[in-house]
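Please examine the chain below with attention to its aromatic side chains and to the packing around them.

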Amino acid sequence: MGFRLISRSFRIFTGTIKRMEFPDPPSKAALCCPIESVEGAPPTYAMYEALKDSCQNNATFFQPDDSENGQRLYQGFMTLIDHIDTVWPLVDHVRKVAPLYDFDAKSPGNGYRSFVSVVDSCVLHGLKLSRQVCTGRDALLFRKGYFVKEVESCGQLLASLGTCLHHLQTLLSWAPPGELFPSEGHSPEELFSQADNINQYCFYGRCLGFQFLPSMRGILKGISICMAGFSEAYYSHGNLISSVWTGGQYLIDPEMRARRIVNISQSASIEFCKAFWFLAESEIMKRVPSLMSSTVAVNKIITILPEPLVVNTMEGKEFTALPPTVHIGLQGLNVRLISVNKRVGMSGEGSTSLPASDGILFHCHGGGFVAQSSKSHETYLRDWAAKLGMPILSVDYSLAPQAPFPRALEEVFYAYCWMINHFKEIGTTGKRIVFAGDSAGANLIAGCTLKILGAGLRPPDGLFMAYAPLLVSFIPSPARLLCLMDPILPFGFMMRCLKAYASPNVKGGKEDKCPSKELTLSNATSPIEGNGFLKVSPSQEGISEGPSSFEEVSPSDLAELQAHKSGSERRKSSDTTISAASLQSEHTATGITPAEDKSQQEPVSENSSTLIGEPPLIQDSELKDKKRIKNRISEAATGLMGAMSSRLAYITGSNNIRPTQEELAVRTNLDSLIARSPSDEFIFSVPKDPLLSPYWADEELLRKFPPVRILTVHLDPCLDDCVMFAKKLKVLGNEVGIDVLEGLPHGFLNFSLMAKEANEGSKLCIERIKQLLDLENHATTPENNHL
């Protein structure tokens, strides 16, 4: 009977609506702007009309349904129709003008295109959902409750994108055609004050990842669940079992996950960001590259001792590069040497007949200037080393907020000076040098190139930059708005990284001097009162109004609220605890990697460096930290069974499992308290320093830049940085090319082992680097390939 009902509903649907086939989301930003870009493809507006027709069909069906869910479905589909009527003219205008902002006709890509593709992807998502309802609504087992939430989430998503489109109209009026940054000083606060509030929750709930490739959605959802669960452990005062219990709910409750992620993004401290990103260097993750990536013969840490280096300039004069001392004083600097083969001259690698390579890749890793290292980027560096057939030298620069600008840049410059004096020891003749970096690392290699040109040293023969932030300031641009919906680089994370590196405050600096200090919720950065430009309307999420500022609640009260929100009980002081410090990576400010196997250490005496195996020697303080962490883990293991028994008794005993009205009130108050505007917290000045923001560099220096290849993605908040920097170089007559990939997130190189499209993107990086390394034809100008 159920089968007959389904068949009948399908016949009704096909008889009422003209069936049109549309590609699975996401839509392609490169093809989104011309109305008929692909031969035979339906006009884009037909997709919007098809969604309206499908929604109208469903609304007509559910209108006579007197049940609560039936009426909610009716209202949900009618609301979708209203949103489509509102969004279409806005997106149509942006669609028509977006091509004016491309780098060139062969390289379509800019923030306006990206938003058009995001809205198109949302419409495709809604169309697919509406058709699912059409084909299954007469079935006996049709789940109205499930589809109610799905349809309402889609409506909220389209409404929020409509608000973003209003912001884009404002941005279009602030800059002349072709310019993605405002021509005058305009702040994000001014932008957001001209339109309604943005509901960020809808981007991280049921629709999370709708704009990305299908292969990336599961990965991004997993990362979001891990982030939410990790925050439970980080802020639960060591109540690990409770954290796991509550963290599991984020897997099955998208609304709870969305609320938590938005709260984390807007309220978590920079130390939380560091701790979460350093999970990529946990003991398990450290072994992934060696198991799944290409095998390499050389993978070791070289510690450069802090001594003056004398380097010859292009004019034959001597230049003395002093070791960096700013912020954290003299420190040894670690660089990682990766090579698929042992080569003649490599220190500590024994005898080999393979001659030195003519090329060398000088690499800087990403991580928002605050986290990660060359170890966490081995997933793709090993493959690059194998495909390029030459050594890679990756710099483990010091991290903010302990070492803000310009410490990392000075260390990268110092490492480059050391490299050109020690080509033989790293297995290269140095005939061709190419710089490569992703995200924050791309910013550093661009800044280092400026320092090299200013000092008159030998410049690199090419620069490869992946999704580079080249204007380190939150100047409004269409692509920057993408961080409001980005699972990898949310708005709060992006701004805290920027602030920690470019504009550290005194208070943060004092707190950062004690990295081993146990962190509790009271240590989190507390937003101060703002204008609410990112505030989520309580009416949108069903949450009640609460205090408008953190200052209205004491740290102890706030910690208590957090405990209630996570569903955990306050533990006695004798219970097992795991501090936030123990959840962070063991990396120090100098980037020294903890020892994995002391038997691998092979000290080799050098004039200005110490070459040792993987990894370098560890200082006494680090050994004490490791011992303390091991003790904490041991204590946690000892109390594990007791905590589980206690939790089981709580669940199965006479305690009320369902939250009381008082507990619900506490939760909603916390949501109102945290999900509020962080705008004032992020109002800070960033120096207009070209070494910090290479986009501001002097034109005379930029003209001397070597050939540049930029690879970015349509959904990257830094996309406009890359496009505008490439345009600037092109106007100056430089050789520059840009590739903009579809459906991938910022930082996709770290997922090259998990997703096919990410792996293909990594292969394109290799091709671009090979072109820059071309030893026979130094003036190669390759055509841009697009995935």
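The model is predicted, so local features are reported only at pLDDT of at least 70 and side-chain atom pairs only at pLDDT 80 or more, while totals for chains, interfaces and linings use all residues. Residues are numbered from 1 along each chain as its sequence is written, and side-chain values use heavy atoms, with hydrogens and water left out.

The secondary structure of the chain comprises 27 helices and 12 strands; helices (H or I, at least four residues) and strands (E, at least two) are DSSP runs, numbered from the N terminus. Of the 787 residues in the chain, 58% are buried, where buried means under 20% relative accessible area with a 1.4 Å probe and protein chains only, exposed means over 50%, and partly exposed lies in between. Contact means heavy atoms within 4.5 Å. Among contacts between residues at least 6 apart in sequence, 82% join residues at least 24 apart.

The structure holds 25 aromatic pairs. Rings of Phe, Tyr and Trp (its six-membered ring) pair if their centres lie within 6.5 Å; planes under 30 degrees apart count as stacked, over 60 as edge-to-face and the rest as tilted. The pair of F362 and Y416 is edge-to-face because the planes stand at 80°, with the ring centres 5.9 Å apart. This pair links distant parts of the chain, since F362 belongs to strand 5 (residues 357-364) and Y416 to helix 15 (residues 407-421), 54 residues apart. F362 counts as buried at 0% relative accessibility, and Y416 is likewise buried, with a relative accessible area of 0%. Y416 also pairs edge-to-face with F435, at 5.2 Å centre to centre and 85° between the planes. F435 lies in strand 7 (residues 428-438) and Y416 in helix 15, so this pair ties together parts that are 19 residues apart in sequence.

Strand 5 also contains L361, which is buried, with a relative accessible area of 0%. Beyond its neighbours within four places in sequence, L361 contacts W384, L388, P391, I392, L393, V434, A436 and I769.

The largest nonpolar core has 203 residues, of which F272, W384, M419 and M465 touch the most other members. Such a core is a set of buried Ala, Val, Leu, Ile, Met, Phe, Trp, Tyr and Cys residues joined through side-chain atoms within 4.5 Å. Helix 5 (residues 144-174) gives the most to this core, with 13 residues. F272 touches M227, F230, S231, Y234, Y235, I264 and F493, not counting residues up to four places away in sequence. F272 also belongs to a cluster in which ring pairs link F230, Y234, F272, F276, W277 and F493.

How do helix 11 and helix 17 cross, and at roughly what angle? The axes of helix 11 (residues 270-277) and helix 17 (residues 491-502) come within 10 Å and cross at roughly 105°; axes are lines fitted to C-alpha atoms, for helices over the stretch in contact, and angles run from 0 to 180 degrees between N-to-C directions. Helix 11 is therefore roughly perpendicular to helix 17, a term for angles of 65 to 115 degrees, whereas under 35 counts as roughly parallel, over 145 as roughly antiparallel and the rest as oblique. I270, F272, C273 and W277 of helix 11 make the contact with F493, R496, C497 and A500 of helix 17.
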